[in-house]
Amino acid sequence: MSTTNNDTSDIKKAAEQVNGQEVEKNLKENKDVDAPEQLSDAEQTSFINDELRTDK
């Protein structure tokens, strides 16, 4: 990532084009962010192979 002051950066463009009403609306919505997402059978895979675990 560049540390130079580039006025055409994506962050600067986004900041200039932000819609305050949309931001306010998104902040007011009560979203359950701590709830886990429901995964499909294909997505429910173990990240740790139980046969290789040494902490049992």
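Figure 1. The model shown is predicted. Val18 lies in the loop that runs between α1 (10-16) and α2 (20-28).

**Figure 2. The nonpolar surface patch that includes Val18.** Together with Val23 and Leu27, Val18 makes up a nonpolar patch on the surface. The accessible area of Val18, Val23 and Leu27 together is about 290 Å².

Figure 3. The side chains of Glu16 and Lys12 form a salt bridge, with a distance of 3.5 Å from N to O. The pair counts as a salt bridge because the nitrogen and the oxygen, at 3.5 Å, are within 4 Å. Glu16 and Lys12 are four residues apart in helix α1, so about one helical turn separates them. Glu16 is exposed, with a relative accessible area of 56%, whereas Lys12 is partly exposed, with a value of 34%.

**Figure 4. The salt bridge between Lys28 and Glu24 in helix α2.** A salt bridge joins the side chains of Lys28 and Glu24, at 3.2 Å from N to O. Because Lys28 and Glu24 stand four residues apart in helix α2, their separation is about one helical turn. Lys28 is exposed, and its relative accessible area is 61%. Glu24 is partly exposed, with a relative accessible area of 44%. The count of salt bridges in the model comes to two.

**Figure 5. The protein chain that surrounds these views.** The secondary structure of the protein chain consists of two helices and zero strands. The chain has 56 residues, of which 0% count as buried. Its accessible surface comes to about 6,100 Å². Carbon and sulfur atoms account for 48% of that surface.

How values were computed
Residues are numbered from 1 along each chain as its sequence is written. This is a predicted model: local features need pLDDT of at least 70, side-chain atom pairs count only at pLDDT 80 or more; totals for chains, interfaces and linings use all residues. Side-chain values use heavy atoms; hydrogens and water are left out. Patches are made of residues with over 30% relative accessible area and no salt bridge: like charges are joined within 9 Å, nonpolar side chains (Val, Leu, Ile, Met, Phe, Trp, Tyr) within 5 Å. Accessible areas come from the Shrake-Rupley method with a 1.4 Å probe; for residues, only the protein chains shown count as cover. Buried means under 20% relative accessible area, exposed over 50%, partly exposed in between (1.4 Å probe, protein chains only).
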